[in-house]
Amino acid sequence: MDPQLLISGVIFGLSIGSVFFLLSIGLSLCFGLMRIISLDQLLYYAIGAYITYTLYLVTGSVWIGVLGGMVISGIVAFGVERFIFLRIYERDITFTMIASFGILFAGVGAIKYIWGLAPLPVPSPINAMASIFGTEIPIYRLIVIVISFLVYVSIWAFLNKTITGKAIRAGIENVEHVEGLGINVYKLFTTTFIISGVLSGLAGGLHAPLIMVDPQMGLEVLPFVFMVVIIGGLGSIKGTLVSAFIVGQVISLGAIIYGPLAQMAPFAIMLLILLIKPTGLYGSKMLKR
Amino acid sequence: MPTDEILAVEGLNVAYGESKVLFDVSIHINANEIVSCVGRNGAGKSTLLRTISGFVKPTSGTVMFADTSLVGIKCYDIARMGLKYIPQDKKVFSDLTVRENLELGSYATQDYNWDKVTEYFPKLTLLMERKAGYLSGGERQMLMIGRALLGDPKVLLVDEPTEGLAPSIVAQLQNVFLELSKKAALVIVEQNLSLVSAISQRVYAVKEGRVVHEISDEGEIKNNVCEKYL
Amino acid sequence: MVKLFNWSRGILLAFFCLLLVRVFLPLPFAIEIIIFATYTMGCNFLLGRVGFISFGQPAYLAVGAYATSFYLFYFGTNPIIGILLGILAGVAVALIIGPFFVRLRSDYFALVNLALAVIVFYLFEKVLASITHGDNGLWFLTNIASTPGLDLGVPSDFFIFVFLVAFGVWVLYKYLDDSIFGACCQATKTNEDKVKFLGYSNFKIRFLAFIIANTTTALAGSLYAVYFGFVSPEIASPSRAADPVIVTLLGGVGTLYGPIVGAFAYTGMKDLISGYISNWELFIGLLLVFIMLAGEKGIWGSLEPVLKRTFSKKGKPTT
Ligand SMILES: Nc1ncnc2c1ncn2[C@@H]1O[C@H](COP(=O)(O)OP(=O)(O)O)[C@@H](O)[C@H]1O
Ligand SMILES: [Mg+2]
């Protein structure tokens with residue numbers, strides 16, 4: 001294979017994987033702690049992208065847009081958690097999943113209402129190229145990779161070094177015991193949900209210059225996000241990181257080999273992994289709460 | 001009733017969905033008293049403790065903790081008020097170190113004085129950096145009880161603390177419970193009758209969701225009268 | 001005897017309503033509702049009886065539709081054979097993937113199924129483009145031969161045909177519900193261990209339920225194909241993955257009449273609302289959330305207890 005093609009393919013896969021990772025953390029954390037499958041994270045992803053677009057039009061800076069997208073996504077996530085999830089946390093997981101799907105769907109409708117149906121372009125904030133072993137790589141993609149790596153490190157530090165993070169880790173193991181120590185777990189839930197929403201918004205904002213922003217964008221990445229969390233194992237941050245990059249590489253290298261493989265190969269890998277380990281690479285055999 | 005009553009449960013009825021588990025249960029605990037609950041598996045002992053500590057909602061009945069009614073209060077608020085439940089399952093946070101487990105015990109009440117834990121369980125000082133998942137059963141139980149002591153609870157509800165533990169550890173726990181009763185009231189669910197007779201001032205016998213007997217005579221307790229309820 | 005009478009009365013009542021629909025509403029609308037209800041029955045069974053939520057039903061729908069379409073486009077003309085082939089394809093696919101899927105926990109099941117729908121979509125759109133003609137789809141309306149008795153090419157006859165098919169499927173589910181198998185399904189949903197103790201295999205029960213449900217879905221796909229005389233990858237589109245789930249919930253999970261009521265309400269609303277606002281996602285999404293917050297019982301699920309009460313009051317003197 002042409003080494004130039006290979007290098008740019010790997011970088012492309014890493015950047016896609018980065019976006020998937022940012023987007024999947026929310027799903028994974030929310031499942032781990034609250035035992036919900038929060039499909040509405042895909043809505044915050046779309047919101048992040050759209051706010052990036054709008055703020056770019058207003059201010060002329062994509063970076064301000066991305067920041068604004070994170071803030072707005074976090075606020076919307078907070079509202080959704082307050083008004084919907086807080087009432088249904090106790091329910092069966094399939095039902096919270098349906099409710100979150102409803103939120104996603106309603107959100108797509110609202111986005112169509114506000115921004116219209118047509119795909120919208122967001123320019124890349126940096127057009128410069130870097131040369132890696134003689135291959136020209138867009139610097140923006142490298143920045144996306146670096147940002148997602150920084151997010152991983154910060155999430156790791158948050159979970160391991162702060163008392164809230166430790167409580168969240170404890171809650172992932174056993175919510176009841178955390179409550180038994182006098183800790184208000186609903187505050188932890190809200191914190192986790194907002195963090196997830198903000199990161200999903202970040203994913204959307206960073207992805208926007210690489211794709212066209214359109215109302216269905218959440219639904220379009222949904223299967224890939226699913227694959228990431230399934231392969232990695234629901235509830236595991238490390239698993240999410242590993243599998244996001246696996247899926248990213250499979251998509252981009254698969255596409256080099258044979259076009260349609262890009263969509264099919266991750267699914268085949270997912271099936272294979274589930275066959276060997278039905279709870280994903282790093283997923284534990286957690287019971288329903 | 002004496003005036004130093006700290007926990008009063010009256011006419012408690014509890015059901016899981018359709019199936020009723022507790023029927024009209026009333027128990028009273030005085031400050032600094034050790035009271036045991038005995039009964040067969042499935043009698044409803046855990047359910048009783050879990051209802052008192054707010055994890056299960058009763059269908060009717062009252063729970064008074066000192067002068068406060070606990071019914072309808074969130075379990076984490078009850079714990080913070082000084083009524084701690086130590087569950088049966090001996091599940092510490094296995095992914096966290098012993099130190100982190102204790103930190104979480106301190107978090108709610110901001111009581112970081114760990115001397116009161118290590119005073120009873122000196123062994124924990126040596127294990128601080130170990131992941132709790134690697135502790136032995138006895139060490140886990142020490143950690144569970146230890147982290148519950150932070151925040152100076154007034155009542156401890158301990159669910160089958162010696163289940164599956166080595167005799168030497170049971171003996172150690174027995175001393176700890178006696179020491180603890182200087183500071184708090186203890187309600188202990190236990191199958192180990194020698195422990196029950198050694199430390200309890202009173203015993204409630206629970207059978208099929210009802211309190212069928214209350215033994216307060218020391219001689220009767222020492223003579224293992226409760227055996228027939230197991 | 002009394003029981004038999006009771007439930008046959010129930011069936012008659014429900015389908016009498018459908019006949020009314022036929023009389024008072026346009027034919028395409030009526031046909032669409034019936035096929036949609038059939039489509040939903042599989043999803044309803046999975047969710048209501050086995051506790052598996054599937055956002056991947058379009059995949060199975062497409063399997064049935066494409067099996068029928070390939071036959072009618074490339075090989076034959078008889079729509080009945082086409083439909084039978086669709087059913088066979090449904091069974092075959094369920095047999096192949098079922099063993100992997102039913103081992104999964106219900107949350108993973110939901111995720112994997114949706115992923116499957118995406119794969120099937122790309123499969124028909126891109127990978128098999130040479131035989132599916134990609135997004136252009138396959139047109140074979142003129143290939144469909146007229147059949148003796150009921151001529152499936154004629155909409156009014158086709159209505160009677162789908163009506164009978166839906167009726168048959170419905171009776172099957174009613175029968176399953178009352179059988180030991182139905183009880184086993186319920187049991188795996190609520191308590192896996194108890195099923196094991198009783199000497200049944202969770203795996204086998206789920207596998208069988210999976211086959212039945214997804215074959216029903218494939219059958220609905222075949223009916224769509226014959227009705228439209230056309231199929232395109234759009235039928236597997238993941239963006240429509242929520243349809244059967246929504247209809248199931250709208251009607252009431254696990255109720256027998258739910259799919260019919262839900263399909264009616266959903267199709268009706270869609271037609272009504274899309275007349276006013278172009279994006280009905282907003283509405284459907286809010287409706288879903290509302291159903292969940294309101295206690296997840298759906299239309300039929302909320303009505304049923306009320307009806308039962310009035311029914312039993314009337315019935316009391318006779319029993
Ligand atoms: N979460 C629950 N849901 C339904 N039934 C339960 C639950 N927990 C306990 N039970 C039932 O309540 C009864 C009492 O259980 P429990 O309080 O654990 O008894 P004990 O601690 O005395 O062994 C048992 O029959 C048990 O099956
Ligand atoms: Mg117990």
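Ligand sites

Modeller: Helix α1 (residues 45–52) of chain B gives the most to the shell around ligand 1, with 3 residues; helices are DSSP runs of H or I with at least four residues, strands are runs of E with at least two, and both are numbered from the N terminus. This is a predicted model, where local features need pLDDT of at least 70, side-chain atom pairs count only at pLDDT 80 or more, and totals for chains, interfaces and linings use all residues. Residues are numbered from 1 along each chain as written, chains are lettered from A and ligands numbered from 1 in the order written, and side-chain values use heavy atoms, without hydrogens and water.

Colleague: Which N or O atoms does an oxygen atom of ligand 1 sit 2.4 Å from?
Modeller: One in the side chain of T47(B). Another distance is 3.2 Å, from an oxygen atom of ligand 1 to a polar backbone atom of A43(B). For Y16(B), a side-chain N or O atom is 3.5 Å from a nitrogen atom of the ligand.

Colleague: How much of ligand 1 does the protein bury?
Modeller: 55% of the 560 Å² that ligand 1 exposes when taken alone, by the Shrake-Rupley method with a 1.4 Å probe.

Colleague: Now the magnesium ion. What coordinates it?
Modeller: S46(B) through OG and Q88(B) through OE1, at 2.0 to 2.5 Å. Donors are N, O and S atoms within 2.8 Å of the metal (3.2 Å for Na, K and Ca), and water is not among the atoms, so sites may look incomplete.

Colleague: Where in the chain are those two?
Modeller: S46(B) is in helix α1 of chain B and Q88(B) in the loop between β6 (83–86) and α3 (98–107), 42 residues apart.

Notes:
Polar contact = N/O pair within 3.5 Å; in protein donor to acceptor, adjacent residues only side chain to side chain.
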